[in-house]
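Here is a short report on strand pairing and charged side chains. Please keep the sequence and the 3D view open while reading.

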Amino acid sequence: MRNYLPIFILPILAGCTTMQSAKAVEVSEVITADLARADGSWAGVATISQRKDGTFLSLSAEAPAAGSYGMHLHAVGKCQGPDFTSAGPHWNPDMKQHGRDNPMGAHHGDLPNVDAAADRKITLEYKLSDFMLSGPSGLLDADGGALVIHEKADDYKTDPSGNSGKRIICGVFKSGNRG
Ligand code: ZN
């Protein structure tokens, strides 16, 4: 007579580690996004840093030419060229209209226009007000968020995107990019 050892298959608690890491990062952190052009080439880096003195967006990127460009945080962390529509609309957890000069605005993802000088470089650090990284209305919800630079300047009032034209540069912010 053979003795068979009972085999127990232990349930794998798949959610555990994910939940722990999400809780551990709420205090102070940095997330980065590599920026890509419509043809997939690398255009720079954007960083969101949570610090004691606030939350800051910093950007080092190369524009196609000197000029002023609309820039927004978009709702979905997906940058599929060449049109980047995969990034969804402007990040808008409060269901407002577009634009800082719109009485019904603004979107949470609306940012000031950025300027590129003759060398085409865009370099800036900008303090984000009322910024939420985590939580159900945070930028880093399940599908993340994206930084998008548009081909034209934002007029700060036309819903839904400030007449800023095509999306020319895109970068993904996701919790996996934390570090
Ligand atoms: Zn907007």
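Which residue meets R51 in a salt bridge at 3.2 Å, N to O? The partner is D53. A salt bridge here is a side-chain nitrogen of Lys or Arg within 4 Å of a carboxyl oxygen of Asp or Glu.

This is a predicted model, where local features need pLDDT of at least 70, side-chain atom pairs count only at pLDDT 80 or more, and totals for chains, interfaces and linings use all residues. Residues are numbered from 1 along each chain as its sequence is written, and side-chain values use heavy atoms, with hydrogens and water left out.

**The sheet**

Seven strands make up an open sheet. Their order is β5-β8-β9-β1-β2-β3-β7, with antiparallel pairing. Strands (E, at least two residues) are DSSP runs, numbered from the N terminus. Two of them pair if DSSP finds at least two bridges between them. β5 (71-74) and β7 (121-128) are the edge strands, and each pairs on one side only. From one strand to the next, the twist averages 20°. Axes for such angles are lines fitted to C-alpha atoms, and the angles run from 0 to 180 degrees between N-to-C directions.

β2 (residues 42-51) and β3 (residues 54-62) run antiparallel and are joined by eight bridges. Across this pair, S49 stands opposite F56 in β3.

**The salt bridges**

Side chains of opposite charge can pair when their charged atoms come close. The count of salt bridges comes to five.

| Pair | N to O distance |
|---|---|
| R37 and E62 | 2.9 Å |
| R51 and D53 | 3.2 Å |
| R51 and E125 | 3.5 Å |

The bridge between E125 and R51 links distant parts of the chain. E125 lies in strand β7 and R51 in strand β2, 74 residues apart. How accessible are the residues around R51? R51 counts as partly exposed, at 37% relative accessibility. D53 is partly exposed too, with a relative accessible area of 43%. E125 is exposed, at 53%. The cut-offs are under 20% relative accessible area for buried and over 50% for exposed, with partly exposed in between (1.4 Å probe, protein chains only).

R37 and E62 meet in a salt bridge as well. R37 sits in strand β1 (residues 30-37) and E62 in strand β3, 25 residues apart. R37 is partly exposed at 22%. E62 is partly exposed, with a relative accessible area of 22%.

Definitions and conventions: Helix = DSSP H or I, 4+ residues; strand = E, 2+ residues; numbered from the N terminus.
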